[in-house]
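Please open the model in a viewer and keep the selection panel at hand.

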Amino acid sequence: MKRLRTYVTLAALSLVLGVMIAITSYSVTIYRLYCQATGANGTTQRVAAPIAAQTAREVTVLFDTNVAPGLPWRFTPVQRSVKLHLGQDALVFFEAENLSNHDITGHAAFNVTPEKVGLYFKKIQCFCFSDEKLAAGAKVQMPVDFYVDPALATDPSTSDVHEITLSYTFFESKKPQDAQDLARFASAPPDAAAGGRLFAENCSACHALNHTKIGPPLAGVIGRRAGSVPGYRYSKALAFAGFTWDEARLDQWLADPQAMLPGAQMPMKTPVAQARRDIIAYLKAHAGS
């Protein structure tokens, strides 16, 4: 009987030890899943598509980028901040450059501050979802598609939030064999839907498709003579430009209007080639609007 009790005790202790070892082994994974589910520590949420209606309340999202010691990358946001409505689907870009002479795989850790906002920050597309390989000497612009859930406005604990900082830190990956290649972004085809989101973020304050705002309407701009919308007062640079808009000229214009036509009034630049291609695809899709 005494021997049986000893065996039972040893079995119980072994079971407890096994459970403790399992908890220790999977504690990081369990904690990560907990953060993903609750937004703890500013952990953002991953969703397949925007599911919330846009509201009038606005929030400014700031971008912060870092590189871990020992990783020879340059990593910066293309835009320092964006102002958007709660529920508005936003598309922003980050640039990474491998400064070394060999391919490197990195993984981006991320969070938002204030940390209490994590539950309401929804990412649809992000390079942080996977390990990412960047070729030696390569430079690439990477999109992040996100929105801030309107439920932020109904939570008493976040009623004071008007600015959110989205932070990334790239580390060298421990699983380079599972990586995706960042080169896929450079070769991505134009996306008219993404162009619509970019147009709403970057162009709609001054332009609409079918009516004059600060700038002229842009429906049908491809194939239209520059400076030719009746009744609109163009700068002399555009009024006497003497060319017809095509995709190549629109790309040059969006990249740097002042460099293309000195004296032009448009101050905005779109430095990311993919963003320009997407906006042009959107304008092409609405040529007859």
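Begin by selecting helix α3 (residues 192-202), which lies across β5 (90-98) and β9 and runs at about 100° to β5. Contact here means heavy atoms within 4.5 Å. Axes are lines fitted to C-alpha atoms, for helices over the stretch in contact, with angles from 0 to 180 degrees between N-to-C directions. Helices (H or I, at least four residues) and strands (E, at least two) are DSSP runs numbered from the N terminus.

The model is predicted: local features need pLDDT of at least 70 and side-chain atom pairs count only at pLDDT 80 or more, while totals for chains, interfaces and linings use all residues. Residues are numbered from 1 along each chain as its sequence is written, and side-chain values use heavy atoms, leaving out hydrogens and water.

Next, display the open sheet of five strands, ordered β1-β7-β9-β5-β3 with mixed pairing. Its edge strands, β1 (45-46) and β3 (73-77), each pair on one side only. Two strands pair if DSSP finds at least two bridges between them. Within this sheet, β7 and strand β9 (residues 139-148) are antiparallel and share four bridges; Gln125 stands opposite Asp145 in β9.

Move on to the open sheet of six strands, in the order β4-β2-β10-β6-β8-β11, again with mixed pairing. Here β4 (81-85) and β11 (180-181) stand at the edges with a single partner strand each, so one side of each is left without a neighbour in the sheet. Strand β2 (residues 58-67) runs antiparallel to β4, joined by five bridges, and Val59 stands opposite Leu84 in β4.

Now select Pro114, found in the loop between β6 (104-113) and β7 (121-125). The peptide bond from Thr113 to Pro114 is cis, with omega near 0°.

Then select helices α5 (residues 247-255) and α7 (residues 273-285), whose axes come within 10 Å and cross at roughly 130°. The two helices are therefore oblique to each other; angles under 35 degrees count as roughly parallel, over 145 as roughly antiparallel, 65 to 115 as roughly perpendicular and the rest as oblique. Show the side chains of Glu247, Leu250, Asp251, Leu254 and Ala255 in α5, which meet Arg276, Ile279, Ile280, Leu283 and Lys284 in α7.

Finally, return to the whole protein, which has seven helices and 11 strands. Of its 289 residues, 41% are buried, that is, under 20% relative accessible area with a 1.4 Å probe, protein chains only.

Note on methods
Buried < 20%, exposed > 50% of the residue type's maximum accessible area, 1.4 Å probe, protein only.
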